[in-house]
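Please examine the sequence and the three-dimensional structure shown below. The paragraphs that follow lead through a helix, a sheet, salt bridges and disulfides in turn.

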Amino acid sequence: MPSVPRFIPGPWSLCSATCGAGTQIRKVKCQVLLSFSQSVEDLPDDECEGTKPQTEQGCYSGPCNSEMGDYDRAENLNELHAWEYKGFTECSESCAGGVQEAIVVCLNKQTRERTDESLCSLQARPPQLVKVCKLTPCPPRWEIGKWSACSSSCGVGLQTRDVFCMNLLSHETNETATLEDKNCPWSKPGNVQACNHINCPPDWHSEEWQQCSQSCGRGVQIRWISCKQRMADGSFRYQPEEFCLTPKPDSRQLCVSIDCPTQWLPSKWSQCSSTCGEGTQRRDVVCKKMGHGGISITLNASDCSSLSRPPLLQPCFAMPCATPGVTRNEKKLYQQGPRILGLRKIYVQLRKERKLQFNIGGQAYLLPKTAVLLRCPVRRFRKSMIMWEKDGKHLSSSPHVTITHFGYIKINQLKAINVGTYTCVAGPARDNFVIKIIGFNNKLAESSSSRQEEGIGIANEALSSKDKHAPGVRWNKTDKSRFFIYPNAQYDGIILKILELKGWSQENLDSRESHESREKDAASVEDASAESIVPQTFVIDQERLDEIIRAISRQSDDLKDIYATHVISQLIAEISKVQPDANKSKLKFSEKSKSTSSVESSFHKLTTDDHRLPKLSSVKLTSSKESIHTSTDLLKAPIIRQKTNGKVLVSSTELIAEIGRTVLLTSWTRSLTLKCEAEGNPKPLISWTKNGQSLKYSKRIKILPDKALKIYDPNESDVGVYNCTATSPIGLDSRSTNVAVTEKPIIRMSKHDLVNINSTSVSVDVGSVVIARLGANITIKCQVNGVPKPSVTWTKEQAPLGSNVQFLQDGSLSIIKAAPVNQGLYSCSVLNAQGQATAATNLILHDPPRAFPEFKNLMLKLAVTGYDIHTVLASRPGTKELLSTGSNVLIGCPVKGFPKPGISWLHNGKPISMGLGPGQALALQQILQIPNITKGLQGDYSCRAQNEAGTLTLKVTVEIAEYEWLFGGFLPCSAPCGNKGLKFPKLKCLRDNGTEVDKYYCKGKTHPDIQPIECNVRDCPPRWTVTSWSPCSQLCGRGIRKRLVSCQKVTAGGMLIDLSPGFCAQSGKKPVDSQTCEKQLCSQWVTSIWSQCNGLCVGMRLGTQHRHVVCQAQNGTRLPSPQCSGSTRPISTRNCTSDVCTVQWQSSSWTPCTSSCGNHGFQSRRVKCVHRRTNRQTREQFCWWKQRPVNWQRCNIMPCEKLDCRDTTRYCEMVKQLRLCVLPQYKLRCCESCNGI
């Protein structure tokens, strides 16, 4: 919507006639957008500029069926309407040449109004007319290419694109010109950007392969594979391996080395001689050796005669013969390798159920008379081919055990005979499931022997109450299948302990079952409700129990039982805490419903989370039970209330503490009361233990009526962990309190000083003198005993601790890469409520003298100060240096240490007195300077560096040699003919021992006076000589270039003589003296004719006209513009005289101001472009060469009188209707209309 008044047409209505000719109408309003209210307001038509669009037009909906003379009517319609041209469309392009299409409309001949095109004959439609427009080149702009693909899909990647400055010369030919960047407006868009700022998913990162494990043939290489995640900032973060979802790359691979010794190499085993059951396999062995390329080379058997021959036969087992014939598809599945999907779970049945279902792979502790369905989920194997074994023997269907066609087995009612290990066999894949029966007194019933299975003993009878004192059944020790029962007993102790602590046993279940049968109709509400939420089965991860077993095994023998009771009690407590939340759907009493109800029980599954911490999850199952009567009160598991936090309680003569707090006893403590308040329905029972054992009560240790524990005159014998347990039929809860005796802090101090300058890591107790190596990692431990736990602080005498000093959690002080600034006295101060203590350690740092190559930089700086100075560094094994007499030598001693070592020099083992010896010391004795060395000063030079930490000696052997030039004959002649051949003398540099050395050593020595001699003074044979090529004869296109070719020879006197071509016949074919040369194609600028003078007006009566200018070869081929750069490009645009441009702006009078005062009045006027001669309105673009007068302005900008409450705008009625008077800006301008609102 415009902010100035404009005519806004509405949509056309439907045609007034459904057939034949009719009319269409529409509304055209003069509207303006009020900026101060962002609302649209209707204005009078005279407020809008321009001609008001038509509000009515003719329409035709086709012939009417009821009318006669349709053909004649169509003829009449054609006579009433005709096609006419109505100007041109806007130019298709704004620059570089576009087109305008003539507009063809259907007009009513009588009214000259535009009508629907269906009223005009399509056959009479005039042809389409097109003209060229906007031929000026487009202004320079940035041409931007597409972004390339991101270099990385995540983390930090980069994208690039092409960005260059260009302008378009012609849309028709798509001709463009590339310009310099400075010609384009605005700043250049970026051509590089970052992309994919997201964290990468964790992925495997492989390091380099290590060396081959074998020295011959094929070995194995290993590499480290780690799971890393590249973050959005480009850094890497290590993640657990389970976070990487893709298969882990191989961390091992074969590698190739040299040939291996000979060996017996067996072939593959043949197929089993039997298609089922046991058979034999055969193979051949040949003598071979593995080549370095991993290729096996077959040798004669005698080459391996000294080696033992591998076996040629072995037993095999194809598949059990008990199954029917195997089809071809079944064999294919067998070869692919089946996989059994077992679950490693431990199941404990806590309540009698009719039937339970399990998956293979775990272990179950079940109650007798329970029906069991055991499944064996398997992939790539037919379930009908699954076989079952029990305790290592084949298992077949019987009246008591059924093996179904779908691969699972059913046990109708568990008996002692069913105890054992059940194995699912799917081809080569096997997995086990162990079933055990919970007997009386929380004992486990074991399976009978094979003899008892035949009918002897109690094998076919379920355990009952009258058999609870029977000795039980066990495996025959001579039975070969005993392996299948004992290896699975590692969890029995934990399971039995759980049953003992929870109070669940077959005795309780049997007594409850008999009680229910006797009093079925009059059962108590509490018992029925309690039964309804007793869990059916615990499901615990086998890995969780393995962790508990490992934790117990790490304890000492005297603590194992206490620790096991504590850990298993904690496990039970975790389950009991979750149980109330899992049983929120309590049974409520309902007199209306006495039908079967659904009882919701909880299956608790104890697992571990990613941090290996215990985590309990619950799965709700629904089972159908008979209708039972329940109380209106909700059952609630025991919960011990803990009113306060677990902070330490101390400093009181009579201590009263809630369970869960730590209590510290002092010498003035007279009594200790531990309160344990529990809630639940039914009311829980409270019991106390100390250190996992039942608490022994006495006159000093009593239980109060509120079940609180009170200890009179507590002493050190009362120190320990007190546990309060609240138990009910619904579950249990427990809390513990640690009782300790306060004591003053005591620091464990070292009794001996420590000197260790060899190790890079030193750890010592506080309280001694420590002499350590500079750069070592030093840990000073401040081990303190005291109750309550003392606080530890460290200080350094008269200095801050330093940036490389860290405090460890155990109170120790760690110094990383100790520097000289870390030397000093470190004090450890400990403090608690009973007192304080202090201990100190004096740290001294030493660094023994050691060589360092960085000293070479100092040598080079000293060497450039003099001319021809030799520099050499001493070393521990000794450095040899060969010099000539008179050389200047600098011998460096590259050592450093802390404290800085002192350096002394020796020559042939004798000390050098500075100023009296062969040289003088520089740079704090680290450099020995020997100027003008002679043969008498050669020998061994050594520097000895010494400080408190040690001594280091470095050596240099200096040897003096003499050098001279020796004549070694003449060099070959410098020319084969003519008069310029010379033989120069050949000189050698020899050492005094006769060895030829580099000529550098003879530099400065006198050369022998030997002059060169002439040689090969004779005429040269004739030969062809050529000059350089001349320039090409043409500047463009094809031309010719030439050169001179002549036959010449050089005489022994040095004269150059021209000969006839025949003399050079022996020198080969005469070279060419001319050849063609090609330049670039000849080009020229070609122009088209000038267009009509109908372009953009640039002044009064001045328009523009255009023509095309292209670079073209002589053959008519179009060429790039740079190939015509040798000549001036003709202009493609020029001014021209046009009557169309005889125009001017014409303005009407201003409308009245919309407001008499204030800052919001405005007025408008019409501004149009008219022809000066005809005064007819024309397109505004013809007047663009002159600035357009404004058609909108503010008016009456003066403050309104405050006492004069009146409207200052004519839109106040609309403001009132829109309820805008509540806004201050509208209320001020429409004071009269908004008065009283």
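This is a predicted model: local features need pLDDT of at least 70, side-chain atom pairs count only at pLDDT 80 or more; totals for chains, interfaces and linings use all residues.

The buried residues of helix H7 are Arg544, Leu545, Glu547, Ile548, Ala551 and Ile552, where buried means under 20% relative accessible area, exposed means over 50%, and partly exposed lies in between (1.4 Å probe, protein chains only). These residues lie on the same side of H7, because they cover an arc of only 155 degrees around the axis; the arc is that of the directions from the helix axis to the C-beta atoms.

Residues are numbered from 1 along each chain as its sequence is written, and side-chain values use heavy atoms, with hydrogens and water left out.

How far apart are the end C-alpha atoms of helix H7? H7 comprises the 12 residues 542-553, and its end C-alpha atoms are 17 Å apart, which agrees with the 16 Å that it should span at 1.5 Å a residue. The expected span of a helix is 1.5 Å times one less than its number of residues. Helices (H or I, at least four residues) and strands (E, at least two) are DSSP runs, numbered from the N terminus.

The next element to consider is a sheet. In the order E19-E21-E22, 3 strands form an open sheet with antiparallel pairing; two strands pair if DSSP finds at least two bridges between them. Strand E19 (263-266) and strand E22 (296-298) are the edge strands, each pairing on one side only. From one strand to the next, the twist averages 55 degrees. Such angles run from 0 to 180 degrees between N-to-C directions, and the axes are lines fitted to C-alpha atoms, for helices over the stretch in contact. Between E19 and strand E21 (residues 285-290), the antiparallel pairing extends over 4 bridges. Within the sheet, Trp264 stands opposite Cys287 in E21.

Attention now turns to charged side chains. The structure holds 25 salt bridges, a salt bridge being a side-chain nitrogen of Lys or Arg within 4 Å of a carboxyl oxygen of Asp or Glu. One of them joins the side chains of Glu143 and Arg141, at 2.7 Å from N to O. Glu143 has a relative accessible area of 26% and is therefore partly exposed; Arg141, at 36% relative accessibility, also counts as partly exposed.

Elsewhere, salt bridges link Lys636, Arg641, Lys675, Glu677 and Glu679 in a network.

The last topic is the covalent links between cysteines. A disulfide is a pair of cysteine sulfur atoms within 2.5 Å, and by this rule the count comes to 26 disulfides. Among them is the link of Cys30 to Cys48, with an S to S distance of 1.8 Å. The torsion about its S-S bond is about 95 degrees, so this disulfide of Cys30 and Cys48 is right-handed. Cys30 lies in strand E3 (residues 28-34) and Cys48 in the loop between strand E4 (39-43) and strand E5 (56-60), so the pair ties together parts that are 18 residues apart in sequence. Cys30 and Cys48 are both buried.

Another disulfide joins Cys227 to Cys244, with 2.0 Å from S to S. With 100 degrees about the S-S bond, the link of Cys227 and Cys244 is right-handed. Cys227 is found in strand E16 (residues 225-230) and Cys244 in the loop between strand E17 (236-238) and strand E18 (252-256), 17 residues apart. Both Cys227 and Cys244 are buried.

Cys1111 and Cys1124 likewise form a disulfide, with their sulfur atoms 1.8 Å apart. Cys1111 counts as buried because its relative accessibility is 1%, and Cys1124 is buried with a relative accessible area of 2%.
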